[in-house]
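This note is intended for a colleague who meets the structure for the first time. Please read the numbered points beside the sequence and the model.

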Amino acid sequence: MYSKKLAEDIEKELETLKKAGKFKMERELEGTQGAEVEIAGKKVLMFAANNYLGLANHPEITKAGKDAIDKYGFGLSSVRFISGTETIHKTLEKKLAEFLEVNDSILYSTNFMANLGFFATLTNEAFGAEGEHMDAIYSDELNHASIIDAFKLCKKENMVKRIYSHGDLVALEKMLVEDQGKGYRFKIIVSDGVFSMEGYLAQLPKLKELAEKYEALLFVDDAHAIGVLGKSGAGTPEHFGLHGKIDVLSGTFGKALGGAVGGYIAGKKEIIELLRQKSRTYLFSNSVPPSVVMASIRALDLLKEKPELLIKVKENSEYFRNGAKKLGFEVLDGIHPIVPVMLGDAAKTQEMSKKLLANGLFVVGLWFPVVPEGTARLRFQISAAHTREQIDQALKILSEVGREMGVI
Ligand SMILES: Cc1ncc(COP(=O)(O)O)c(C=O)c1O
């Protein structure tokens with residue numbers, strides 16, 4: 001029964017969130033996602049979306065989506081293995097695998113679902129063996145929530161999790177050494193390819209070296225890197241010269257590649273086949289709608305046809321990063337279009353993001369517990385859709401508000 005007490009407890013919890021400054025407000029956009037958006041009847045510059053290539057409202061992408069609706073309808077009312085597989089799902093899976101230079105790939109409704117599906121399937125599966133088994137997973141402490149939650153679907157009796165401090169691969173190796181001889185069935189090292197709070201890249205070559213040395217499978221979640229990093233946009237493996245050499249990749253079509261939804265796992269043929277047969281978040285959840293599939297296929301083609309998009313997002317990111325530094329802000333170094341401007345203080349960050357919005361610049365402020373205490377920041381996200389004028393305008397607003405608040 002929905003008791004009075006439950007309602008009161010929920011209210012109390014919501015109040016606590018509000019008092020702690022952790023209550024998330026949803027800003028309502030009144031139109032399309034792009035370099036500029038409309039909020040409360042006013043045009044503002046958008047620097048808070050994962051729309052790295054500007055494909056979220058690109059005419060070729062929206063056309064592909066509309067054409068797909070005309071040809072295949074809106075939805076399939078089914079999971080993949082019953083009646084939810086169109087030829088285009090297979091086409092996208094094949095195209096993606098070719099792009100990533102791996103054997104095969106499998107679509108999920110989201111990257112979150114893909115991560116949940118992968119770890120539970122692999123660690124819970126007995127593979128016909130008698131008796132108990134235990135796998136070990138080694139995970140960077142700052143890995144995405146979907147990886148953290150994925151571990152919760154792995155049975156405790158089958159999986160031990162080992163968390164290493166962010167980027168501390170010496171600590172990781174120490175764990176791998178300690179665990180030698182413990183009889184773990186499989187070892188899996190898992191890392192985000194790009195850490196979204198800083199825009200820092202995982203140290204992929206070293207992770208790969210450790211995975212090989214200690215016979216562990218390497219899993220990289222490249223959500224923020226697919227369509228962004230590497231010469232052709234294939235992500236962190238390509239960036240580090242490891243194209244096609246990572247055992248398992250996960251990623252999303254919900255950021256650079258059109259920005260709607262849709263996730264994937266890509267890698268060795270037998271792993272993908274196993275997921276198709278046994279992964280519960282794949283088997284028992286609806287197939288990706290045709291409009292998203294066709295638009296994602298178009299996004300992969302556009303990456304090839306318009307390499308200038310990748311160049312533009314890179315150049316824009318460098319231009320903004322250098323510009324903010326020159327103004328006197330403390331900016332994290334990097335090459336990714338996530339550009340954090342460090343303010344330190346949470347209250348100041350909250351106030352500044354509000355003032356920036358009032359002045360026509362939408363950027364997200366992040367503070368504890370989303371980032372470590374004392375490291376509050378404005379997280380700018382740069383897009384190929386931004387013009388130089390728009391970036392200059394953003395820097396001008398940032399400079400004016402920064403001066404007014406005594407930050408610079
Ligand atoms: C590293 C990482 N993995 C997974 C996800 C989830 O992606 P999706 O929105 O496709 O579920 C995100 C998105 O924030 C992410 O940053």
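**Notes on the structure**

1. V331 stands opposite V341 in β13. Strand β12 (residues 330-331) pairs with β13 in the antiparallel sense, over two bridges; two strands count as paired if DSSP finds at least two bridges between them. β12 and β13 form a hairpin, with six residues between them. Strands (E, at least two residues) and helices (H or I, at least four) are DSSP runs numbered from the N terminus.

2. On the basis of the model: this is a predicted model, in which local features need pLDDT of at least 70 and side-chain atom pairs count only at pLDDT 80 or more, while totals for chains, interfaces and linings use all residues. Residues are numbered from 1 along each chain as its sequence is written.

3. β13 also pairs with strand β16 (residues 376-381), in the antiparallel sense and over six bridges. In β16, F380 is the bridge partner of V339. These strands belong to an open sheet of four, in the order β12-β13-β16-β15, with antiparallel pairing. β12 and β15 (364-366) are at the edges with a single partner strand each, so one side of each has no neighbour in the sheet. β13 is mostly covered, with five of its seven residues buried. A residue is buried if 20 or more other C-beta atoms lie within 10 Å of its own, exposed if 12 or fewer do, and partly exposed in between, with C-beta atoms placed from the backbone.

4. A second open sheet has three strands in the order β1-β2-β14, and its pairing is mixed. Its edge strands are β1 (36-39) and β14 (361-362), each of which pairs on one side only. β1 runs antiparallel to strand β2 (residues 42-46), and four bridges join them. E38 stands opposite K43 in β2.

5. The domain assignment divides the chain into domain 1 (13-46 + 307-404) and domain 2 (59-305); such bounds come from an automatic or database domain assignment. The centres of domain 1 and domain 2, taken over C-alpha atoms, are separated by 28 Å. Domain 1 brings 12 residues to the contact and domain 2 brings 11 residues; two residues are in contact if their C-beta atoms, placed from the backbone, lie within 7 Å.

6. Which elements give two or more residues to the side of domain 1 that touches domain 2? They are α12 (307-326) and β13 (338-344). β13 supplies the largest share of that side, three residues. By type, the residues of this side of domain 1 are nine nonpolar, three polar and no charged. Here Ala, Val, Leu, Ile, Met, Phe, Trp, Tyr, Cys and Pro count as nonpolar, Asp, Glu, Lys and Arg as charged, and the others, Gly among them, as polar.

7. The largest nonpolar core has 119 residues, and those with the most contacts inside it are I189, I265, A299 and L361. Such a core is a set of buried Ala, Val, Leu, Ile, Met, Phe, Trp, Tyr and Cys residues joined through C-beta atoms within 7 Å. Helix α11 (residues 290-305) provides the largest share of this core, nine residues. The core lies between domain 1 and domain 2, because both give residues to it. Leaving aside neighbours within four places in sequence, I189 is in contact with Y138, L207, L210, A211, A216, L218 and F219.

8. Is strand β3 (residues 104-108) largely enclosed or open? Five of its five residues are buried, so β3 is largely enclosed by the rest of the structure. D104, I106 and Y108 point one way from β3, and S105 and L107 point the other way. β3 and strand β11 (residues 263-267) run antiparallel and are joined by five bridges. L107 stands opposite Y264 in β11.

9. Around the ligand there are 13 residues, of which T110, N111, F112, A223 and T252 come nearest; a residue is near a molecule if its C-beta atom, placed from the backbone, lies within 6 Å of it. This shell consists of two nonpolar, nine polar and two charged residues.

10. N158 is found in the loop between α5 (145-152) and β5 (159-164). N158 counts as partly exposed because it has 17 C-beta neighbours inside 10 Å. Apart from neighbours within four places in sequence, N158 is in contact with T123, N124, H133, M134 and D135.
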